[in-house]
Amino acid sequence: MTNRDMDAPPLNEDELNEIYNWVDTIPLSRPKRHIGRDFADGVLMAEIVQHYIPRIVDIHNYSLAHSVQQKQYNWNTLNTKVFRKMGFQITQKDIDAVISVVPEAVERILKVVQVKISMYLDNKEQNQIHQQEKSVEVQQNQNKVSNKQAPNNKSNEKDLIIQDQKETIEILELKIQKLEQLVKLKDSKIQQLMQKLQQAGIK
């Protein structure tokens, strides 16, 4: 017996009735006549788990069985491929009891499976909530980063505008310098012409 293997505990009358009522709410591939014999080959047990947790059960792995060997195969497959994923395994003693249709053997297994299904779904829901919370947290962090970057972007835009204005001013200053040089050159030429006119006696 491994750490995960567990003996299915005995049930009182109320618990037995609860299990019968629970099984009646689940659609199964064949009608329930005698619960011990109905579940002896493990197929209906696989269908119950598939009803609640379809992704961990490949129902094609389980076929209607009359031989003890095939029944053992079905239950061992359930135990190793399905129950293990749900966090438990039943003992070989309990498997043998179910196959041999020992009174209340399958009811005890059904009770364990019912509890484990509930725990599995609760954990899955909690994980989904946790993932949603993480997604919200990540989104909030991204928003914070975006908000921090927004002023930086505005600052960068201002820097670009200032740089453009500086370049424009420099270009204008160069043009002014050239114009001033032209004005000085014209003034110089005008001055020279006036001197020549004065020398020629023309005022």
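Tryptophan 75 touches Phe39, Ala40, Asp41, Gly42, Met45, Phe83, Ile90, Ile95, Val98, Ile99 and Ile109, leaving aside residues up to four places away in sequence. The model is predicted.

Trp75 also belongs to the largest nonpolar core, a set of 39 residues. Within this core, Phe39, Met45, Trp75, Phe83, Met86 and Leu110 touch the most other members. Several helices supply the core: α1 (13-24), α3 (43-52), α4 (68-83), α5 (92-99) and α6 (105-199) each give at least two residues. Helix α6 gives the most, with eight residues.

Now turn to the charged side chains. The count comes to three salt bridges.

Take aspartate 41, one of the residues that tryptophan 75 touches. Aspartate 41 pairs with arginine 30, and their closest N and O atoms are 3.0 Å apart. Aspartate 41 lies in the loop between α2 (35-38) and α3, and arginine 30 in the loop between α1 and α2, so the pair ties together parts eleven residues apart in sequence. Aspartate 41 is buried, at 3% relative accessible area. Arginine 30 is partly exposed, at 21%.

Next comes lysine 111, which forms a salt bridge with glutamate 18; here the closest N and O atoms are 3.7 Å apart. This pair links distant parts of the chain: lysine 111 sits in helix α6 and glutamate 18 in helix α1, 93 residues apart. Lysine 111 is buried, at 16% relative accessible area, whereas glutamate 18 is partly exposed, at 36%.

Aspartate 94 and arginine 108 also meet in a salt bridge, 3.4 Å from N to O. Aspartate 94 lies in α5 and arginine 108 in α6, so this pair ties together parts 14 residues apart in sequence. Both residues are buried.

Methods: Residues are numbered from 1 along each chain as its sequence is written. This is a predicted model: local features need pLDDT of at least 70, side-chain atom pairs count only at pLDDT 80 or more; totals for chains, interfaces and linings use all residues. Side-chain values use heavy atoms; hydrogens and water are left out. A nonpolar core is a set of buried Ala, Val, Leu, Ile, Met, Phe, Trp, Tyr and Cys residues joined through side-chain atoms within 4.5 Å. Buried means under 20% relative accessible area, exposed over 50%, partly exposed in between (1.4 Å probe, protein chains only). Helices (H or I, at least four residues) and strands (E, at least two) are DSSP runs, numbered from the N terminus. Contact means heavy atoms within 4.5 Å. A salt bridge is a side-chain nitrogen of Lys or Arg within 4 Å of a carboxyl oxygen of Asp or Glu.
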